[in-house]
Amino acid sequence: MENKDTEQIEVLANKIMKEEYELIGLQEVNQRINSSPIVADQYFQATYNQQAIHEDNFLYRLIQRLNKSGCYYYWSWSFNHIGYGKFQEGVGLLAKIPFDKVEGLLISKASDPADYHTRKVLLGELTIEGHNVIVVSGHFSWWEDQAFHFEWKRLEQHLMGEAKDFILLGDFNNDASMNEEGYELIQNSPLQLQDSFKCAEEVSGEYTVEKAIDGWADNLSKLRIDYIFVSKSFLVKNYKSVFDDDNGVKISDHYGIEVEMD
């Protein structure tokens, strides 16, 4: 989507290889509508009714770059909606071990891909040291018109019947300040999730957005709208902001989040 996407991929790939992350969630993972579809590699795990992966898909290009250096991840991508009239915008997951199952779950009232209100989350089920874990990569709506409330409740209802641990990653578009209804909705959820920023033993950095961006055009303050929420069974050791010009150069209008936990 941006002019320097090749440089972004290079920086991101080098960071991934250096840190050897076990799990990665990405949002606003785009491909052009009119670009050519490809046959994905053996590490790709498709969802039901999988949208075709195109040659310029950001995640596919990242995977190619990693593979060139002998770094391999299982990966999945789910299409959300059309962005800016020319992109198929989605969310992605990468993991060092294969997913037991992947699913693109519609959480919004809207379901038409031409409507940017249409939102899906990507769910990946993993078995980690004998524990069943559901990982969610999501890009949620704002609170306005209670769109976020609807999306969160639909996801919450889907997860409530699962006797598993949860890791929820992504752009939640709701700031962590005490007067943000969306953040409080998550904190009070019967899923009993922890905000990794608040429960980490060591913390470096906080805010993930520092100025006005698309969707927050009137913003004049720093925001924490990107999160990693986890079940209380996880012990979060470290929380760190990345790609913030202190820990890696900026490659997005959002900072990244890096968490170490047991």
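Author: Strands β1 (residues 23-32) and β3 pair in the antiparallel sense over eight bridges, where helices (H or I, at least four residues) and strands (E, at least two) are DSSP runs numbered from the N terminus, and two strands pair if DSSP finds at least two bridges between them. Within this pairing, the bridge partner of N30 in β3 is E89. This is a predicted model, in which local features need pLDDT of at least 70 and side-chain atom pairs count only at pLDDT 80 or more, whereas totals for chains, interfaces and linings use all residues. Residues are numbered from 1 along each chain as its sequence is written, and side-chain values use heavy atoms, with hydrogens and water left out.

Reader: How should I read the two faces of β3, and which residues lie on each side?

Author: In a regular strand the side chains alternate between the two faces of the sheet. In β3, F87, E89, V91, L93 and A95 lie on one side and Q88, G90, G92 and L94 on the other, and all of them are buried. Buried here means under 20% relative accessible area, exposed means over 50%, and partly exposed lies in between (1.4 Å probe, protein chains only). Strand β3 (residues 87-95) is therefore described as mostly covered, with nine of its nine residues buried.

Reader: What does the largest nonpolar core consist of, and which members touch the most others?

Author: In soluble globular proteins, nonpolar side chains tend to be buried together. A nonpolar core is defined as a set of buried Ala, Val, Leu, Ile, Met, Phe, Trp, Tyr and Cys residues joined through side-chain atoms within 4.5 Å. The largest one here has 25 residues, of which L59, L62, L66, Y73 and L94 touch the most other members. Each of α1 (5-19), β1, α2 (58-68) and β2 supplies at least two residues of this core, and the largest share, six residues, comes from α2. Apart from this core lies another, of 23 residues, among them F140, F148, F166 and F172. Returning to L66, and not counting residues up to four places away in sequence, its contacts (heavy atoms within 4.5 Å) are A13, I16, M17, C71, Y73 and L94.

Reader: Is D171 buried or exposed, and what does D171 touch?

Author: D171 is found in strand β7 (residues 165-171), and D171 counts as buried because its relative accessibility is 5%. Leaving out residues up to four places away in sequence, D171 touches Q27, G138, H139, F140, I225, D226 and H254.

Reader: Is K222 buried or exposed, and where is its place in the chain?

Author: K222 sits in the loop between β9 (202-204) and β10 (226-231), and K222 counts as exposed because its relative accessible area is 51%. Leaving aside neighbours within four places in sequence, K222 is in contact with Y207, V209 and E210. K222 and D175 are 47 residues apart in sequence, yet 9.4 Å apart in space, C-alpha to C-alpha.

Reader: Where is N49, and what is its phi?

Author: N49 lies in the loop between β1 and α2, and N49 has a positive phi of about 55° although it is not a glycine. N49 counts as exposed because its relative accessibility is 63%.
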